[in-house]
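This report walks through one structural model.

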Amino acid sequence: MSIKDDIQTLLSDGIIDQNTAHRLARYYSIKNQKSSKRIPILIAVLGGLFIGLGIILILAHNWDQISKTTKTVLAILPLILGYLLCGFALIRRSDDEAWRESTSMFLVLAFGACLALIGQIYHLPSNMGLFYLTWSIATLPLIYIMRSAAASVLYISGITLYVIYAGYSSGEDNLPASYWALLAAVIPYYHHKLKTSVSSYWTIMLHWWIALSMTVALGSCARSDGDWLYPGYLALFGIFSIMGDLMYTQNRRVLENAYRTIGAIGSVIVLLMLGYDWFWNDWTHSRFDHLLSLDWSVELWTTIIVSLIYFSILVYARSTRPTDRAYSGWVYASCLGVFLLGIWTPWAQLAINLILILYGLKTIFRGLHADDFGVFNFGLIIIISTVLCRFFDGNLPFAYRGLLFLILGVCFVVANYFMIKRRNSYAAE
Amino acid sequence: MLPNKWIPWLFILMVVGHLLFIMNTLREVNNIKAKGSAYKFEVRGVDPIDVFRGRYINLPMPPVPYSIQDNCAQYIGDKRDVYATFTTDQHGFARINNISMQPPEHDDFLKMNGYFQKIDSQNCQGYFYYPFDRFYVNEFKAPMAEEVMRQFNMDSTVVTYALVYISKGDFLLDNIYVDDQPIGEILDQYMQDQKE
């Protein structure tokens, strides 16, 4: 039965009046119009993507029967076609999102194909970092000129690949500080999307891309002093968690709130890693001396800057939303003390495990409070992961391990059973 | 976001910027061949793949050692550029004439990249790599190129070399030759033999 029929039934049964029926019909009509617009945009963007990638692959075949000059002309042709299509979209179809997005996508890929083919024709060296950097810089103006979210997603992918090649690759030692400048260049567009269409799928996609890109990029500055980046990562995930809370006042689905999801999962992963003794064995007095010497490594600088941003956002979040928001943002603040504790005592490892358990319990109670199975089970997963990690870390006898598994399994089933029972009782009421 | 009246001008500016960049890249690459000196470098090849640019013959070449004595500690750590000039041996192949930390003023030179390692308190040893590392070939011929080069590499009477133009630090890898015959021709011939 369609919504229209439902409304008619509700009206004839006297549940709603004529006025409400009219408003409901109008609401669903507007909603359906919005969702019906998405399909042509999606088809157009995917079309642009496939055609662009197809051109790259056809050119990558390397048609050696063709002369260098002809190949160069063939490399530039898709680019010229891309300019013409984008120009047409700007002049004649500037309000048509499908046109703007698909032509931008095509032009971005045509530029990449052109760069790649010139590299192929002249056997240029394999500097992939520089390749992605050039491609990204060429993409940047398109984001603003064409108002293209697809171009912004490709741009963020490009600068992330750049930071992977330039930062993580052992072959290239220059620290990709330029990555952060390149990321900042897309922020005005992102801010615009947040202001104008916070719930659109492009904005949600940008949340994911930016958060994942920053997560990848932070580790690229790791050199010989990489242990300092563990607190840095906790601070970054703390920032994400608070941003996720600030950005959406209501609880959104896991896929919609990328910052909160990545912040929570990232914090747990880092804490689980810190729960092992190998990290704390190297976390000695020399760390404190290094901190006091002010002769800071790049990793320490990075961690200090990210921590300062974290505390600024935390203070802002507390002042603007003093209630129970920023629920997972507290993890890094509490771990700071543990990092100091770890320099002088062997208790830091235990403290980290306690924080993990506390985090798990807090998440379980939050799930119970909000009647949210996802959050509730995430809390359970935190506790189970903590126990399992410690479990394989120690030298417990098999019988104890088996018993622990049994208890965990029973707890998991019982907790879910009560959660379902509670939900059913709410439904009955 | 941007004022509407700016957009056409910014679009034109972007197109001009893109095309100028591409034209400049092509001009620089072609200038190397027009103005640079040609050298032959002995090579061996294997066949890997690049997602965007297709298949290529990888050209692994041994790093060039370069030692310095005085005040060498400052060069340890990050990657460094050095500048190599070349001469030719009695067989016509390129041999390094000189390596310096600064680009020479008169000769054609090649910029090479690598690391210095500390040997003792006074001496540092550096290893520097040739920047040309790949020769793109047709996707269907690349696996054959690997096979052909392997066969020729085992035969000490056959000489495989890359013809490289060098000019002011940059280079252009022009072609790969097996006994003075371009690799493309050899691969065509090899394909013909396989069909027969």
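Which side chain meets B:Lys141 in a salt bridge? The partner is B:Asp188, with an N to O distance of 2.6 Å. B:Asp188 sits in helix α3 (residues 183-195) of chain B, and B:Lys141 sits in the loop between β9 (134-136) and α2 (142-154) of chain B, so the pair ties together parts that are 47 residues apart in sequence. The two ends differ in cover. B:Lys141 is buried, at a relative accessible area of 10%. B:Asp188 is partly exposed, at 39%. Note that the model is predicted.

## Salt bridges

The count over all chains is 5 salt bridges.

| Salt bridge | Closest N and O atoms |
|---|---|
| B:Lys33 and B:Asp174 | 2.9 Å |
| B:Arg134 and B:Asp133 | 4.0 Å |

B:Lys33 and B:Asp174 form a salt bridge, with the closest N and O atoms 2.9 Å apart. B:Lys33 lies in helix α1 (residues 7-35) of chain B, while B:Asp174 lies in strand β11 (residues 170-178) of chain B, so this pair ties together parts that are 141 residues apart in sequence. B:Lys33 is partly exposed, with a relative accessible area of 37%. B:Asp174 counts as buried, at 13% relative accessibility.

In the pair of B:Arg134 and B:Asp133, the closest N and O atoms are 4.0 Å apart. B:Arg134 is buried, with a relative accessible area of 6%.

## Sheets of chain B

Chain B holds 3 helices and 12 strands. One open sheet has 4 strands, in the order β1-β10-β11-β12, and the pairing is antiparallel. Its edges are β1 (37-42) and β12 (181-182) of chain B. Each of these has a single partner strand, so one side of each is left without a neighbour in the sheet. Strand β10 (residues 160-167) of chain B is joined to β11(B) by 8 bridges, and the two run antiparallel. B:Tyr161 stands opposite B:Tyr177 in β11(B). Strand β11 of chain B also carries B:Asp174, the salt-bridge partner of B:Lys33.

A further open sheet of chain B has 3 strands in the order β2-β3-β9, again with antiparallel pairing. Here β2 (49-50) and β9 of chain B are the edge strands, each pairing on one side only. Strand β3 (residues 54-58) of chain B pairs with β9(B) over 3 bridges, in the antiparallel sense. B:Tyr56 has B:Tyr136 as its bridge partner in β9(B).

Next come β5, β7 and β8 of chain B. Strand β5 (residues 80-88) of chain B and strand β7 (residues 110-118) of chain B run antiparallel and are joined by 5 bridges. The bridge partner of B:Arg80 in β7(B) is B:Gly114. β7(B) is also joined to strand β8 (residues 124-129) of chain B, by 6 bridges, and this pair runs antiparallel. B:Asn113 stands opposite B:Tyr129 in β8(B). A hairpin links β7(B) to β8(B) through 5 residues.

## Overall form of chain B

How many helices and strands make up the secondary structure of chain B? There are 3 helices and 12 strands. The radius of gyration of chain B is 21 Å, well over the 16 Å that the globule rule gives for 196 residues, so chain B is more spread out than a compact globule. Along the principal axes, the C-alpha atoms of chain B fill a box of roughly 70 × 65 × 30 Å.

Buried residues make up 43% of the 196 residues in chain B. Among contacts in chain B with a separation of 6 or more, 63% come from residues 24 or more positions apart. Chain B exposes about 11000 Å², and carbon and sulfur atoms supply 50% of that area.

## A surface patch on chain A

Which residues make a nonpolar surface patch of about 320 Å²? They are A:Leu161, A:Ile164, A:Tyr165 and A:Tyr168. A:Tyr165 lies in helix α6 (residues 149-168) of chain A. A:Tyr165 is partly exposed, with a relative accessible area of 32%. Patch residues need over 30%, so A:Tyr165 qualifies on area at 32%.

Notes. Residues are numbered from 1 along each chain as its sequence is written. Chains are lettered from A and ligands numbered from 1 in the order in which they are written. This is a predicted model: local features need pLDDT of at least 70, side-chain atom pairs count only at pLDDT 80 or more; totals for chains, interfaces and linings use all residues. Side-chain values use heavy atoms; hydrogens and water are left out. Patches are made of residues with over 30% relative accessible area and no salt bridge: like charges are joined within 9 Å, nonpolar side chains (Val, Leu, Ile, Met, Phe, Trp, Tyr) within 5 Å. Accessible areas come from the Shrake-Rupley method with a 1.4 Å probe; for residues, only the protein chains shown count as cover. Buried means under 20% relative accessible area, exposed over 50%, partly exposed in between (1.4 Å probe, protein chains only). Two strands pair if DSSP finds at least two bridges between them. The radius of gyration is taken over C-alpha atoms; the globule rule is 2.2 Å times the number of residues to the power 0.38. Contact means heavy atoms within 4.5 Å.
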